[in-house]
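Here are a few exercises for getting to know a new protein model. Take a look at the structure, try each task yourself, and then follow the worked solution.

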Amino acid sequence: MTPPAADPATEPADPATEPADPATEPAAARAAAERTAEAEPAAAERAGAADPAPAGRPQATGPAPTLAFGRTSRHDLDTPPPDLYGRPRADRFFSLLTRFSDLYTPALASPPLRRSPRRPPSRGRAPLVLVVTAHRPVADDVVELRLADPAGSPLPPWQPGAHLQLTLPSGRVRHYSLCGDPADRGGYRIAVRRIAGGGGGSVEIHDELHVGARLTVRRPRNGFVFCAEPKLLLIAGGIGITPLLPIARDAQHRGLDWQLVYAGRSAETMPFTEELTALASMGVPPAGGWGRVTLLVGGTPTGEQLLARAGRGAAVYCCGPTPMLAAVQQAFDASPATALHFERFGAAPVRDGRSFTLKLSGSGEELAVPADKSALDVLREARPGTPYSCHQGFCGTCQVRVLAGTPEHRDRRLTAEERAAGALLPCVSRAAEGETLVLEV
C-alpha cells in the first residue's frame with residue numbers, strides 16, 4: 001500500500017542539505033524534523049533577546065547542521081555526534097577506545113614504564129669471565145691474546161671496529177680493539193703494545209698475564225662503526241692496525257674497493273703485515289690485488305702522503321697516534337675523499353683550555369691544572385693510583401665527585417642527574433679560568 005504524499009509546506013527547509021524524498025521518508029522522521037524546525041526559531045529568538053549582538057559585530061552562528069542517513073541534526077562539543085549508523089548516541093567502539101586511551105596513556109608515562117634520556121643508564125647484561133688460551137708475540141713489543149669461554153660456549157657476536165673492556169688481575173681497566181674475525185665465535189683476539197712509561201696495564205699483560213689466567217670482560221662495544229661504503233681508504237699507524245684489520249677483512253668479503261696505508265717506525269714493530277698482504281691478494285679486483293696494501297716504514301708521513309691513495313668519493317677510516325690523526329684531519333679537505341671516520345687510542349689535545357685548580361678534600365692539597373693539560377694527568381701525578389682507561393670521556397673509569405666549584409663537563413657519558421650529583425670525568429672535563437674544584441678523592 002502506498003503511503004499518502006506528504007505536504008511540502010510542512011517540510012523543514014535546509015539550504016545546506018538536499019531535501020529528503022517525501023515519498024520514502026518515514027512519518028516519524030518527518031514529525032521529528034517538523035518539531036526541530038519549529039523549535040529552532042524560538043530558541044534563536046530567546047538567545048537573541050538574552051544576549052543581543054552589539055552593532056557592527058556579526059552575529060555568531062551555531063554549529064552547521066549535518067546530514068546522517070537522510071536526517072538533519074546539529075551537534076557541538078557538548079553533544080556527541082551520531083554513531084556510525086546515524087543513531088543519536090555515542091558510538092560504542094570509539095567510547096571504549098577513548099576510555100582505554102585515557103587509562104593507557106597516563107600509565108605509559110608513569111615512572112616504572114617511562115623511557116627518558118634523563119634516566120640513569122641501565123646496568124646492562126652481566127660481564128663475561130673469559131680465559132686466556134693463547135699469548136704470543138706478533139711484533140717487537142706487541143703480544144697477541146686469544147680469550148675464550150672456559151666451557152667452550154660461543155661468545156657474543158661483534159662487528160668490525162668493536163672493542164673489549166678488560167679488568168686485569170690488578171684491578172686496572174683497559175680497552176683493546178678486537179682484531180680477529182667476527183665469524184669466529186670461539187674466541188676473541190686482541191693485540192697489546194708494551195708501553196713502559198704508561199699506566200702499567202700493558203706491562204701487566206706482557207709480563208704477568210699468561211695462558212690459563214681468567215679475566216672479567218665487558219661484552220663488545222663499537223664506537224668505530226664500519227658503514228661498508230663502496231670505496232674505502234684505511235689508514236693505520238702502529239698498533240692502530242687492530243680495529244682496521246677486521247674492517248679490511250669485511251671489505252674484502254663484501255667485494256668493496258678498498259686500499260690500506262699502514263705506517264710504522266720499522267717493519268719489526270708492525271704486527272699483522274703478512275696477514276694483510278695475504279688478505280689483499282685474495283680474490284680479484286676490486287676485492288683483491290697485491291696493490292691494496294701500502295706500507296710506509298720509518299719516518300713520519302704527512303697527511304697528504306697518507307691520503308694519496310684516496311679515490312674520489314672514498315670514505316677514510318683512520319686509527320693511530322694523535323699526530324697522525326691531526327695530519328689526516330688537516331689534509332682531508334684537499335683530498336677527493338668525502339667522509340672521515342677515526343678512532344684514537346690516547347687522549348685528544350686539550351682545546352680551549354684555561355688554567356684552574358684542583359683541591360683534594362682529604363689532604364687539602366691544591367694542584368694547579370695548566371691550560372694545555374688534563375685534570376686527570378695532574379691528578380695522577382699527585383696520586384699515581386688514580387684509575388683511568390680511555391682518556392676520552394666515555395668509559396667512566398676515572399670518575400670522581402666534586403664537592404665544591406663549578407665544572408665544565410666535556411664528557412659523553414654522564415647524565416644530567418649524575419652531573420647534578422657532583423660526578424666528574426677529569427680526563428676531559430675542566431673548569432673556568434681561576435676556578436677551584438674541590439674533589440672527594
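The exercises below go from an overview to a core, a hairpin and a sheet.

**Exercise 1. Describe the protein as a whole.**

Solution. 
- Start with the kind of model: this one is predicted.
- Next, take the secondary structure, which comes to 9 helices and 20 strands.
- Then look at burial: 37% of the 441 residues count as buried.
- Finish with the surface. The accessible area is about 25100 Å², and 55% of that belongs to carbon and sulfur atoms.

**Exercise 2. Find which elements supply the largest nonpolar core, and which residues touch the most other members.**

Solution. 
- The core has 29 residues, and those touching the most other members are Leu232, Leu234, Ile241, Leu244, Trp258, Leu260 and Tyr317.
- Now trace the elements. At least two core residues each come from strand 9 (231-237), helix 4 (241-254), strand 10 (257-264), helix 5 (273-280) and strand 12 (315-320).
- Helix 4 gives the most, with 6 residues.
- Zoom in on Leu260. Leaving aside neighbours within four places in sequence, Leu260 is in contact with Leu234, Ile241, Ala248, Leu276, Arg292, Val293 and Thr294.
- Another core, of 21 residues, lies apart from this one; among its members are Val132, Leu164, Ile190 and Val217.

**Exercise 3. Work out how strand 3 pairs with strand 4 and with strand 8.**

Solution. 
- Begin with strand 3 (residues 128-139) and strand 8 (residues 214-222): they pair in the antiparallel sense over 4 bridges. In this pair, Val129 has Thr216 of strand 8 as its bridge partner.
- Turn to strand 4 (residues 142-148), which pairs with strand 3 over 7 bridges, also in the antiparallel sense. Here Arg136 stands opposite Glu144 of strand 4.
- Last, look at the hairpin of strand 3 and strand 4. There are 2 residues between the strands, and Asp141 takes a positive phi near 65°.

**Exercise 4. Which strands stand at the edges of the open sheet of 5 strands, and what packs on that sheet?**

Solution. 
- Write down the strand order, 15-14-20-16-18, and note that the pairing is mixed.
- Read off the edges: strand 15 (366-369) and strand 18 (423-424) each have a single partner strand, so one side of each is left without a neighbour in the sheet.
- Check one pairing. Strand 14 (residues 356-360) runs antiparallel to strand 15, joined by 4 bridges, and Thr357 has Ala368 of strand 15 as its bridge partner.

Note on methods:
Residues are numbered from 1 along each chain as its sequence is written. This is a predicted model: local features need pLDDT of at least 70, side-chain atom pairs count only at pLDDT 80 or more; totals for chains, interfaces and linings use all residues. Side-chain values use heavy atoms; hydrogens and water are left out. A nonpolar core is a set of buried Ala, Val, Leu, Ile, Met, Phe, Trp, Tyr and Cys residues joined through side-chain atoms within 4.5 Å. Buried means under 20% relative accessible area, exposed over 50%, partly exposed in between (1.4 Å probe, protein chains only). Contact means heavy atoms within 4.5 Å. Two strands pair if DSSP finds at least two bridges between them. Accessible areas come from the Shrake-Rupley method with a 1.4 Å probe; for residues, only the protein chains shown count as cover.
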